[in-house]
Amino acid sequence: MNAPHAPLPLLTFPDADKSPLSIRAKALVFFDPRSHQVRDEVERLAPLPQPVLIHGETGTGKELLARHIHRASERPGLFVAVSCSALSRNYAEAELFGYAPGAHNGPVGSRAGWFGSANGGTLYLDEIADLPLSLQHKLLRVLQEREVLRVGAREPVPVDVRLVAATSLDLVQAVRAGKFLEGLQQYLHDGNLTLPPLRERVGDILPLAEYFLGVHAQRLELPVPQIASDTQQALESYSWPGNIRELENVIHFALLVSPDEEIRPEHLNFSGGAAGAGGEGGIDAEALEQLVRQPGVEAQLRALLQRLERERS
């Protein structure tokens with residue numbers, strides 16, 4: 001009988017990370033049984049050379065999972081993260097594959113592109129379905145032939161890049177609609193990895209909430225309040241349409257408006273309008289004003305604003 005796997009550590013971004021992805025889930029844990037299944041699949045796929053496609057809703061932590069796959073693969077090169085939706089339509093090919101001297105009117109010289117930067121490592125393409133079809137064809141050719149032809153160059157350059165891609169869409173449907181290349185979808189198929197939404201891994205909600213509460217309390221130099229039992233139930237019963245990103249925002253807000261040593265359900269600013277969240281649009285101005293008028297909250301917020309103003313000056 002095999003011994004059970006130890007859970008993966010809490011996955012977070014290093015402080016010095018300067019990834020092009022600016023809005024993302026900032027932590028990922030593996031407490032829920034669904035997360036255990038993801039962990040086991042990651043351990044199986046990580047050491048393999050094949051590409052991986054991570055499917056999950058926005059804010060579920062797909063880039064964090066991609067970074068863990070890279071670390072577990074022990075590839076010596078860099079992990080390079082690229083948002084396909086942020087690529088320039090005019091220069092996307094040069095950004096991805098690089099360009100030779102004289103290919104552009106800008107600075108003289110060449111550029112290796114994101115593929116060149118990830119040589120020997122892992123290239124993470126977030127929302128790969130946002131790539132234009134013309135680039136999808138060129139991407140598939142590069143992946144199959146393991147060589148890149150830079151814009152303006154005559155000879156291709158060999159590359160050793162492991163692709164980890166992510167999407168919040170069903171690529172099979174995108175293929176049927178003529179918006180995604182079937183050959184590329186098939187190329188990614190064997191490495192499919194699904195990261196369930198937060199509402200389907202309820203066991204991860206409270207550990208993540210405690211983590212974000214501690215992080216923001218330390219950053220703002222505030223005491224760490226307790227999460228009341230009925231607040232815990234509210235957190236676990238909410239559908240979390242924004243997933244981990246929304247959870248962090250809710251906990252950050254609750255920390256700022258809770259007047260004592262306990263976070264209550266009325267401090268939770270749910271965007272979906274769950275019970276205790278102040279209606280369909282989250283907490284409204286009147287409810288927020290009532291919270292601020294509670295003893296100690298106004299002085300706490302004023303001191304926080306003054307400190308933030310000093311840090312900016």
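This is a predicted model: local features need pLDDT of at least 70, side-chain atom pairs count only at pLDDT 80 or more; totals for chains, interfaces and linings use all residues.
Colleague: In what order do the five strands of the open sheet stand?
Modeller: Strands here are DSSP runs of E with at least two residues, and helices are runs of H or I with at least four, numbered from the N terminus. Two strands pair if DSSP finds at least two bridges between them. The pairing in this open sheet is parallel, and the order is β4-β5-β8-β3-β9.

Colleague: Which are the edge strands of this sheet?
Modeller: An edge strand pairs on one side only. Neighbouring strands of the sheet are turned by 20° against each other on average, direction ignored; such angles run from 0 to 180 degrees between N-to-C directions, with axes as lines fitted to C-alpha atoms, for helices over the stretch in contact. The edge strands are β4 (79–83) and β9 (192–194).

Colleague: How many residues of strand β8 are buried?
Modeller: Buried means under 20% relative accessible area, exposed means over 50%, and partly exposed lies in between (1.4 Å probe, protein chains only). Arg162, Val164 and Ala166 point one way from β8, while Leu163, Ala165 and Thr167 point the other way, and all are buried. For β8 (residues 162–167), the count of buried residues is six of six.

Colleague: Which residue in β8 is the bridge partner of Ile54?
Modeller: Strand β3 (residues 52–55) runs parallel to β8 and is joined to it by four bridges. Strand β5 (residues 122–126) also pairs with β8 in the parallel sense over four bridges, with Leu123 opposite Leu163. For Ile54, the bridge partner in β8 is Ala166.

Colleague: At about what angle to β9 does helix α1 run?
Modeller: Helix α1 (residues 33–45) lies across β3, β8 and β9. Its angle to β9 is about 155°.

Colleague: Is His70 buried or exposed?
Modeller: His70 has its place in helix α2 (residues 62–73). Apart from neighbours within four places in sequence, His70 is in contact (heavy atoms within 4.5 Å) with Arg75, Gly77, Leu78, Phe79, Gly121 and Thr122. With a relative accessible area of 10%, His70 is buried.

Colleague: And Pro9: buried or exposed?
Modeller: Pro9 lies in the segment before β1 (11–12). Leaving aside neighbours within four places in sequence, Pro9 is in contact with Leu28 and Phe30. Because its relative accessible area is 51%, Pro9 is exposed.

Colleague: What is the handedness of the crossing of α8 and α9?
Modeller: α8 and helix α9 (residues 229–237) pack at an angle of about 115°, with their axes 10 Å apart. The contact is made by Ile205, Leu206 and Ala209 of α8 and Gln232, Leu235 and Glu236 of α9. A crossing is left-handed if the near helix is turned anticlockwise from the far one by less than a right angle, and right-handed if clockwise. This crossing is right-handed.

Colleague: Why is the pair of Tyr238 and Trp240 given its class?
Modeller: Rings of Phe, Tyr and Trp (its six-membered ring) pair if their centres lie within 6.5 Å; planes under 30 degrees apart count as stacked, over 60 as edge-to-face and the rest as tilted. Both Tyr238 and Trp240 are buried. Their ring centres are 4.7 Å apart and their planes at 80°, so the pair is edge-to-face.

Conventions
Residues are numbered from 1 along each chain as its sequence is written. Side-chain values use heavy atoms; hydrogens and water are left out.
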